[in-house]
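Work through the exercises below with the model open beside the text, and try each task before reading its solution.

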Amino acid sequence: MGAAERARDTGEGSPSGLEQVYLVHREALLRFLRARGAGDDAEDLLQEMWIKASAGVSGPIRDPVPYLYRTASNLMLDRRRAGLRQAKRDTEWAGVEPGVERPDDRPNAEQQAVARSELAQAEAVLTGLGERTDAIFRRFRLRGQNQREIAADLGISLSAVEKHLQKAYRALIDYRRRRDAD
Amino acid sequence: MLTRRQDDEAIGWVIRLKHGSAEDWEAFTAWLEADPANLAAYEAAELADADAGMLSPAAAVPEIPQDVSAERAAPRLPRRMLFGTAVAAGIALFGAWISIDAGDVYSIETRPGESRTIALDDGSRIEINGASRVTLDRDRPRYAALDRGEALFRIVHDETRPFEVDAGESVLRDLGTVFNVVRSDRVLEVAVSEGAVLFEPEGEKKILQPGMAISKAAGEPARVTRVAPDAVGAWRDGRLVYAGADASRIAADLSRNLGVPVTVAGSRPFSGVIVLDGSDQEVLGRTAALLGLRLARQGEGWTMQTGTGAPR
């Protein structure tokens, strides 16, 4: 029985259950945050992750361990993005009530225009890969289908689905690198 | 300098972690630790993935010229304009894009098993279930689109400014309201717990009172059914309540709420309550028993099948 299963038996879904899962996996999450580039901030970020993870719970969480990792990973993503924007993170993001968010922090008009143009180009990159790759990527990334479902729907192998996804991600990464090099 | 292999591995992790288990995340940690350069490769893949969340769920314009290839060098200005044309054509095809072009549309997306509550300025709340996407428009504060998945809308009624929910083929208008909407590729379901909802205000104009639900398959007429008002949005309390639901609906609900892929064979309509309490296997085992089906592992997820034969 792995740690995940043990954690499950402690009554996941309730905040206290989630907290027990968190405590069991605390060291592993800390290690993960360090590997994700948290450095000396790892302890602080772990706290921040836990506040977000526990405040965001408004329904049962079936897979609490991946949920905590995802929250930690998203935190690092947000941090990196904030760094890339050279802008302070909007601290008003969190709602007054725990677990309730404001819809978003509103970017300025120029950022919006840039984002729109980049979105259009990313669309074109994806379309340029051909109908099959395009459709498989959108099913996976935007319609939440897993690889198995896609393979079954299209009558192709799992490894073929993986190859199409690899190709799409590769193209989107390359597009970003070209853009950033401009 | 990043190698192509590192990029490929990083992409592999982005794909795998979308439905990752605890073990996957631990393995991912070890991969990151194995080579400090792996982090940079992963961050690039992760940012590309995060940005892709804003793309349209449906494939865009089919008639893109063949020479617009991702392998090409950075597009120069004329090519940008070509992209612009392509996107304009896309806008004509997909209504949702019109507002993106207006620049005030944004989406809130949840992962499987995750749920989020959004508070709007007028005091209305949208509770979004897992694997769902809701699109809002700053220029239209009394509007939301459910792109996919499930959400419970708790709308503060304003006679002069009705709140509208765009659910693809159908539009819903609140008449003072708490209502739940489920949207999949195949079917739209709306259930009302308080107040009332006007279904298709410009078309059929069906008024749904508390305890009424409507179910509409793509291209077919809407069907009105009954629902217990306190069962509306029961997913928020870890319960799934059904009256004559088909297998695909139950499978979609389980996948969304548990965060694991679930397929359900057979089509006998089910009426009853599924309590989301315990491990995935316990929940699904009980559900299979309720449905008279047999539970089996299938890849990263689960399947429920008829009969006693070996799983597919």
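**Exercise 1. Determine whether A:Tyr69 and B:Trp25 are buried or exposed, and describe how their rings are arranged.**

Step 1. In this predicted model, A:Tyr69 and B:Trp25 are both buried, where buried means under 20% relative accessible area, exposed over 50%, and partly exposed in between (1.4 Å probe, protein chains only).
Step 2. The ring centres of A:Tyr69 and B:Trp25 lie 5.5 Å apart and their planes meet at 15°, so the pair is stacked; rings of Phe, Tyr and Trp (its six-membered ring) pair if their centres lie within 6.5 Å, and planes under 30 degrees apart count as stacked, over 60 as edge-to-face and the rest as tilted.
Step 3. This pair crosses between chains, since A:Tyr69 belongs to helix α5 (residues 64-85) of chain A and B:Trp25 to helix α2 of chain B; helices (H or I, at least four residues) and strands (E, at least two) are DSSP runs, numbered from the N terminus.

As to conventions, residues are numbered from 1 along each chain as its sequence is written, and chains are lettered from A and ligands numbered from 1 in the order in which they are written. Local features need pLDDT of at least 70, side-chain atom pairs count only at pLDDT 80 or more, and totals for chains, interfaces and linings use all residues, while side-chain values use heavy atoms, with hydrogens and water left out.

**Exercise 2. Classify the ring pair of B:Trp13 and B:Phe28, and state which cluster of rings includes them.**

Step 1. With 5.4 Å from centre to centre and 45° between the planes, B:Trp13 and B:Phe28 form a tilted pair.
Step 2. The two residues stand 15 residues apart, B:Trp13 in helix α1 (residues 4-17) of chain B and B:Phe28 in helix α2 of chain B, and both B:Trp13 and B:Phe28 are buried.
Step 3. Ring pairs join A:Phe32, A:Tyr69, B:Trp13, B:Trp25, B:Phe28, B:Trp31 and B:Tyr42 into a cluster, and the structure holds twelve aromatic pairs over all chains.

**Exercise 3. Find where the confidence in chain B is lowest and where it is highest.**

Step 1. Chain B has a mean pLDDT of 77, with 82% of its residues at 70 or more; pLDDT is the predictor's confidence in each residue, from 0 to 100.
Step 2. The lowest confidence falls in helix α5 (residues 96-102) of chain B, with a mean of 33, and the highest in helix α2 (residues 22-34) of chain B, at 95.
Step 3. Residues 60-103 of chain B have pLDDT below 50, and this stretch has 58 contacts in the model beyond near neighbours in sequence, a contact being heavy atoms within 4.5 Å.

**Exercise 4. Explain why strand β5 of chain B is described as largely enclosed, and list strands that pair with it.**

Step 1. In strand β5 (residues 140-155) of chain B, 13 of the 16 residues are buried, so the rest of the structure largely encloses this strand.
Step 2. Two strands pair if DSSP finds at least two bridges between them; β3(B) is joined to β5(B) by four bridges in the antiparallel sense, with B:Arg125 opposite B:Arg154.
Step 3. β4(B) is also antiparallel to β5(B), over five bridges, with B:Val134 opposite B:Leu146, and a hairpin through two residues connects β4(B) to β5(B).
Step 4. The pairing of β5(B) with β6(B) is parallel, over three bridges, and places B:Tyr143 opposite B:Glu164.
Step 5. Seven bridges join β5(B) to strand β8 (residues 177-183) of chain B in the antiparallel sense, where B:Leu152 stands opposite B:Asn180.
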